[in-house]
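This note is for a colleague who is meeting the structure for the first time. Please read the points below with the model at hand.

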Number of protein chains: 2
Amino acid sequence: MKPLTLAICTAALLASLGPGTSHAAGSGTGQPRNIILLIGDGMGEQQLAIARNYLRGARGRLLMDTLPVRSAAQVLTIEDRGAGQPMYVADSANTATSMATGAVTSRGRIATSAGSDEDLPTIVELAAAAGYRTGLVSTASVTDATPAAFAAHISERLCENPDNVERVVQATPYKDIELGGCPADAMRNGGPGAISEQLAQSGLHVLLGGGRKHFTVASETGPGSVLELAVDKGFTSVSTRQQLLASQPGARLLGIFASGHLPVRLQGEGGRIAELPKPSLLNRLHPYLGDVSLPPTMVCEPNPAFAGTPSLQEMTGIALRHLSADNDRGFFLMVESASIDKQAHRRNPCGSIGEVAQLDEALGSALAFARQHPHTLVLVTADHTHAAQLIPYVSLYDRVPVPIYTPGYLARIETPEGGYMAVNYATTSFSREEHTGAAVPVLANAEGKGRLPGFIAQPDLFRIMAAYLELPAARD
Amino acid sequence: MKPLTLAICTAALLASLGPGTSHAAGSGTGQPRNIILLIGDGMGEQQLAIARNYLRGARGRLLMDTLPVRSAAQVLTIEDRGAGQPMYVADSANTATSMATGAVTSRGRIATSAGSDEDLPTIVELAAAAGYRTGLVSTASVTDATPAAFAAHISERLCENPDNVERVVQATPYKDIELGGCPADAMRNGGPGAISEQLAQSGLHVLLGGGRKHFTVASETGPGSVLELAVDKGFTSVSTRQQLLASQPGARLLGIFASGHLPVRLQGEGGRIAELPKPSLLNRLHPYLGDVSLPPTMVCEPNPAFAGTPSLQEMTGIALRHLSADNDRGFFLMVESASIDKQAHRRNPCGSIGEVAQLDEALGSALAFARQHPHTLVLVTADHTHAAQLIPYVSLYDRVPVPIYTPGYLARIETPEGGYMAVNYATTSFSREEHTGAAVPVLANAEGKGRLPGFIAQPDLFRIMAAYLELPAARD
């Protein structure tokens, strides 16, 4: 949490230059310059294929498939200790930090440097200092790693609110487990406070998502809650879909629509997720013998808990309206579909599929906005890849007369076009699946032509975005 | 195997038009037009990340990463029976058929249509009919699915030689298993013969790879072997690396360098592959208890069996020399690194890594050729994705005090830069892993600009290549 010297210096420098010195299409010319960065958390090519097959059919296209510019981003992670040796699988904290700051850091870190714990200036802070409006939208708690890394700085992603900033303990499903904490970041210790407290004090113009439980606790600056602090700092607060849709541009907008993460749109039939195949006793004794019971096939169905939740597209549409109204400078907006990842951790393929659909719909709104507003760079990417694998519904070895099945969890899904998909989760036998380490897709609208090479390192996204907004890249 | 009417008609039509009517940069103008299609079998983004990390480091770049044009290809497969319902995971036969013919077919088929078993004209046949030279290079047996689908037509990929064209039986490791056959394709039954027999009679200018055992058996047309038939049809035959490197352009070249597939370049330390984690007895009783022994870490080392084998780059270089010498029309060359896939089936990550390196080196030769020869379209792609997953070496949940490990096979690899990768194989508990169903990367040199959209269906590759060579696309 070491102070934001670099960010402040850069911001001060930018402010001193003033809008007149900018080369942006932007300020004062009536041609604002905008970035809409859409992140599918955990949305690698496997997850995309699973969602595409279900939502559009094997020969169908997601909207994002039609984008004219494609790259891939190599995800980079380093160890927190020692010489910063490479780690080959990331989490959402270090990847969001890569995209938000251009730096490579260690797992769990929110816009802070590995080992040295220095605060890293984010694209949101730099853009705001240069006169752009900024917004963050997520289907997760707004204090979750991805949105947090764009507007907060803390050494541990779990320090989400003043109650747990000093010590994070996981009470369930095991005995109390110490998960660390961020004592140096607590305001009572001279730090910037927990993530929700930092967001409440941020200069964000729009902040939409879940996470009420992180805002209803008492602020460290007191006397009221973190939410009251945010309102005190100038946010208008809304908490229902109706209020959101009725909100008018003007004041800065904080919309929190669930206690934790927002409910997801789809679930498996009857709430089912992937299950373990059940080998017969004979097969347990010898793999060539006996047989195996595979989970029954299922379809995806609406998740009743989603009722009343604003869709990611609705939140994106409102954010775009608020960010663009009476704004001749432009804006930076990050939109995250968070639960592609969270549902993959839980082995719920239908959950992930519905959240890919949400991102694709939000992209629709982004592209419609871009068509009306030239100089709008629309980017779609993922932060890291994930456990779900599309495996053969009928084994490649089906002519071999022995039971053949995954050692992991399996969901067998009937698609609307009448095919059958087998989705495998087998990175771990623990109750939550792991991330994986492949490069992630990066897609852009035509505004990305010439700006996005065919292959980049994930932190390059920060530099590409900073260059588009003509911000001095704070790090290289 | 229904006769090649369409191909023959198209070929005849093209031949009757003659080179003078072509719009290619090509014929007679001293500006030949060439395609070099490099296929990494099973080389999805997971496999690429594993290889990149080992070969170049987390921040490094494969040569293919530097290509300026990137797309992704949606892999399409249909059932052989019924209405051709989609299947969501492919094999190398139907994917090679997609690329070679532009058609979607069923698993196991070599340039024949699903259900109706019609022969589908291939890019090799169409290019040859239009006056281009053609070549196929593979680290597999040249009769294996990928090369076969470019120059042969048969209903079952396993019908590789005259001895098994009517009936394919797998003798090991189980009792004899009937795997089908292609009786209608046998020459004795009026068909075009087994794959090796079709290749021996093909018009290919260059054919390099493994598979001697499929050429030393008696030809159905007798009296000699299939190899003798090939020589009789005009091929010069070489069988060692020295002979290959000494071969001079002129005659058509058949080079077969191993009985089956070529040996791979790398292996795990001491020949090790991925292994099952070994939970303690206590952990077997309850997943929260006890502990687990993970396989020791290892490095990759040269495979002694590779000694004397021509590298894929060497074969590619010779193929390019033979195809381009005294050729003012141009050529089509397919180069396959086959054992990325075969080693993933066997859970040998080092094996796959070495074969990605081989493809990347062959790309180096292709790009060097393209720099000297304008109008050379270089494409790099994969046919399908595969089982290998890069998972966290240290679990995301490492603070939870229970043993956390994959239910599948695990290899823990120390990289030359001093990091540690965990590679997981867990699509099946069978002795061979399965393919997976994600979209595959498609990369191109600058000649691909404007020709390769950001997202395609795999059969579109055929149309893009046919258009580049100004061949009439036989199917749309």
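1. A polar contact is a pair of N or O atoms within 3.5 Å; within protein, one atom must be able to donate a hydrogen and the other to accept it, and residues adjacent in sequence count only if both atoms are side-chain atoms. By this rule, 44 residue pairs are in polar contact across the interface of chain A and chain B, both residues at pLDDT 80 or more. The model is a predicted one.

2. On the extent of the interface: 80 residues of chain A are in contact with 81 residues of chain B. About 6500 Å² is buried between the two chains, and carbon and sulfur atoms give 58% of this area.

3. On charged pairs: the rule finds 2 salt bridges across the interface of chain A and chain B. One of them joins Arg399(A) to Glu156(B), with the closest N and O atoms 3.3 Å apart.

4. On the side of chain A that touches chain B: the elements of chain A that each supply at least two residues include helix 2 (45–55), strand 2 (69–74) and strand 20 (420–425). Helix 2 of chain A gives the largest share, 5 residues. By residue class, this side of chain A divides into 38 nonpolar, 26 polar and 16 charged residues.

How values were computed
Residues are numbered from 1 along each chain as its sequence is written. Chains are lettered from A and ligands numbered from 1 in the order in which they are written. This is a predicted model: local features need pLDDT of at least 70, side-chain atom pairs count only at pLDDT 80 or more; totals for chains, interfaces and linings use all residues. Side-chain values use heavy atoms; hydrogens and water are left out. Contact means heavy atoms within 4.5 Å. Buried area is the accessible area (1.4 Å probe) that two parts lose on being put together, summed over both. A salt bridge is a side-chain nitrogen of Lys or Arg within 4 Å of a carboxyl oxygen of Asp or Glu. Helices (H or I, at least four residues) and strands (E, at least two) are DSSP runs, numbered from the N terminus. Ala, Val, Leu, Ile, Met, Phe, Trp, Tyr, Cys and Pro count as nonpolar, Asp, Glu, Lys and Arg as charged, and the others, Gly among them, as polar.
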